[in-house]
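Here is my note on this structure. Please read the points beside the sequence and the 3D view.

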Amino acid sequence: MAKSKDVRVTIALECTSCTGKETGAKSTGISRYTTRKNRRNTPTRLESKKYCSCCQKHTNHKELKK
């Protein structure tokens with residue numbers, strides 16, 4: 001069985017440009033990715049450049065707050 005304080009945790013990455021758009025414009029959604037990170041090696045919030053299907057280009061994706 002896994003311990004409650006597991007070293008590797010599952011995180012969600014969310015597109016920064018989709019969340020910054022105005023609510024009045026027609027939105028196709030928000031791009032999200034899931035990945036795992038090592039809590040000991042990467043204690044800070046993870047940021048990665050991924051493809052956003054809503055913006056249809058590569059944008060920065062930041063880790064969501066839990």
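**Notes on the model**

1. Start with Gly29. Beyond its neighbours within four places in sequence, Gly29 is in contact with Cys18 and Cys54 (contact means heavy atoms within 4.5 Å). Gly29 and Cys18 lie 11 residues apart in sequence, and their C-alpha atoms are 7.6 Å apart in space. Gly29 belongs to the loop between H1 and strand S2 (32–38). Gly29 counts as partly exposed because its relative accessibility is 27%. The classes are buried, under 20% relative accessible area; exposed, over 50%; and partly exposed, in between (1.4 Å probe, protein chains only).

2. A word on the basis. This is a predicted model, in which local features need pLDDT of at least 70 and side-chain atom pairs count only at pLDDT 80 or more, while totals for chains, interfaces and linings use all residues. Residues are numbered from 1 along each chain as its sequence is written, and side-chain values use heavy atoms, leaving out hydrogens and water.

3. Confidence next. The average pLDDT (the predictor's confidence in each residue, from 0 to 100) is 84 for the protein. At least 70 is reached by 80% of the residues. Helix H1 (residues 16–19) has the lowest confidence, at a mean of 84, and strand S3 (residues 47–52) the highest, at 94.

4. The fold is quickly listed. There are 1 helix and 4 strands, in the order β-α-β-β-β along the sequence. Helices (H or I, at least four residues) and strands (E, at least two) are DSSP runs, numbered from the N terminus. Of the contacts with a separation of 6 or more, 51% join residues 24 or more positions apart.

5. Which residues form the largest nonpolar core? It has 5 residues: Cys15, Cys18, Cys52, Cys54 and Cys55. Such a core is a set of buried Ala, Val, Leu, Ile, Met, Phe, Trp, Tyr and Cys residues joined through side-chain atoms within 4.5 Å. Cys15 touches Ser31, Cys52, Cys55, Thr59, Asn60 and His61, not counting residues up to four places away in sequence.

6. Glu14 counts as buried because its relative accessibility is 14%. Leaving aside neighbours within four places in sequence, the contacts of Glu14 include Thr19, Ile30, Arg32 and Leu64.

7. Last, the surface. Buried residues are 23% of the 66 in the protein. The protein exposes about 5400 Å², with 48% supplied by carbon and sulfur atoms. These areas come from the Shrake-Rupley method with a 1.4 Å probe.
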